[in-house]
Amino acid sequence: MGWFEEYFEFETHRTDMKTEILAGVTTFMTMAYILFVNPAILSDAMGKEAFNSLVAVTALAAGFATILMGLYAKKPFALAPGMGLNAYFAYSVVIGMGYDWRIALAAVFVEGLIFIALSVTKVRSAIIHAIPLSQKYAVGAGIGLFLVFIGLNDVGLLTAVVNESGVLQFTGLNAPALASKEILLFFFGLFLTAILISLRIKGALLISIITTSILGWITGAAPWPDHIFSTPDISYTFMQMDLKGLLNVGAIGVIFAFFMVDFFDTLGTVTGLSAKAGFLTKEGKVPDAEKVLLTDAIGTTVGAVLGTSTVTTYIESAAGIEEGGRTGMTALVTGLLFLAIGLFIAPLAQAIPAFATAPALIIVGYYMLSAVKEIDFTDHTEAIPAFLVLITIPFTYSIADGIGAGFISYTLLKLFSGKGREIHPLMYALAVIFLAYFAYLGGLF
């Protein structure tokens with residue numbers, strides 16, 4: 001064990017092997033729900049036959065990226081396919097915009113390459129400073145509402161359908177469904193999760209998913225799994241990227257949306273986790289931030305090759321940090337658990353019903369929506385564009401549209417309110433890009 005202690009600098013961080021292992025297990029417990037939820041979301045776009053491959057791919061992508069974070073960046077941060085980004089992939093890009101899922105994977109791959117390039121250059125800092133804080137918080141909160149809509153749709157309480165014109169429409173609340181066994185179990189799972197997180201019990205989402213599923217199997221609301229384990233097979237999704245399909249003007253907006261959300265979500269998450277772990281310098285900077293962001297970018301690129309949506313750093317890593325995890329050993333343990341367990345549980349994951357995973361989507365949405373409190377509502381030039389982002393993302397089922405609405409309205413409102421000096425020059429360029437993007441979607445050219 002001496003090599004691990006020296007490599008991860010246990011003495012410097014005032015930690016030990018037992019603490020780091022416990023922290024790694026804790027982080028895995030809080031994140032393991034992604035093994036069930038990510039395949040459920042992505043298979044809506046890729047087809048149900050992709051589900052088993054997606055379980056293995058989710059585990060591989062999470063395991064690889066988290067282990068890389070531990071060994072290279074030496075931080076106790078875990079990564080996996082991001083919630084919100086997987087929903088954007090499935091429901092906005094594939095189902096909403098009509099792109100083939102292979103083209104969407106190619107967009108994620110290219111976004112990852114761009115992220116890698118920006119992580120090793122000074123362009124990254126320029127973009128970070130250009131986007132106002134209110135917009136960053138609003139995008140995170142908007143994605144939170146987006147996840148709530150998806151969770152309600154999954155259990156049939158709120159139905160969204162794509163009409164003949166390819167436009168996604170809501171058919172309203174499905175009141176008759178309220179009395180069904182599935183909906184009652186959904187509410188049970190939702191309140192169980194709420195109680196567990198209120199009591200600060202580790203792995204609350206996972207415990208709720210498993211408990212609700214078992215109740216569903218016992219009551220006959222869902223069929224029992226035929227078996228628990230299987231040999232992993234990723235052939236359905238591996239290397240399926242359609243790069244030629246990206247030769248489309250509209251696809252540029254998709255790549256941009258993937259990049260923007262991933263980039264700033266990662267930045268915010270890493271900053272928050274670093275603050276919790278005591279890593280931030282007196283100037284508020286994250287030590288080795290380039291290594292952390294580069295790991296995230298590589299994880300996204302490799303994840304696309306394997307066949308999953310954008311891989312990003314998880315705020316659930318805070319659970320392991322809370323348990324004392326301070327080094328890459330925590331991430332190493334978490335990553336190994338993803339590989340050891342996640343690769344072989346496709347049959348169990350496939351048997352998890354939607355009414356068991358939907359509460360997790362809604363609670364994650366709740367967490368993300370909390371970013372609203374950081375927006376300054378006393379400044380209307382900040383708050384109104386943020387509000388437009390917040391409502392545009394869920395009501396259009398498009399993160400890209402929400403970002404565009406925010407950037408354009410922010411730039412125009414600041415400019416015509418006599419606060420043009422507060423606009424970073426790059427924001428003008430981003431607003432113009434989105435205006436051109438919307439014009440293209442509207443058939444103006």
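Is K419 buried, partly exposed or exposed? Select K419: this residue is partly exposed, with a relative accessible area of 28% (buried is under 20%, exposed over 50%, partly exposed in between, using a 1.4 Å probe and protein chains only).

Before moving on, note that this is a predicted model, where local features need pLDDT of at least 70, side-chain atom pairs count only at pLDDT 80 or more, and totals for chains, interfaces and linings use all residues. Residues are numbered from 1 along each chain as its sequence is written, and side-chain values use heavy atoms, leaving out hydrogens and water.

The side chains of D379 and K419 form a salt bridge at 3.5 Å, N to O (a side-chain nitrogen of Lys or Arg within 4 Å of a carboxyl oxygen of Asp or Glu). D379 sits in the loop between α17 and α18 and K419 in the loop between α19 and α20 (425-441), so the pair ties together parts 40 residues apart in sequence. Helices here are DSSP runs of H or I with at least four residues, numbered from the N terminus.

Now select K414, whose side chain meets that of D379 in a salt bridge of 3.8 Å, N to O. K414 is buried, with a relative accessible area of 0%, and D379 is buried too, at 16%. Show E382 and E422 as well: D379, E382, K414, K419 and E422 are linked in a network of salt bridges.

For another stop, pick K48 and D44, whose side chains meet in a salt bridge of 2.9 Å, N to O. K48 is exposed at 53%, while D44 is partly exposed at 31%.

Technical notes
Helices (H or I, at least four residues) and strands (E, at least two) are DSSP runs, numbered from the N terminus.
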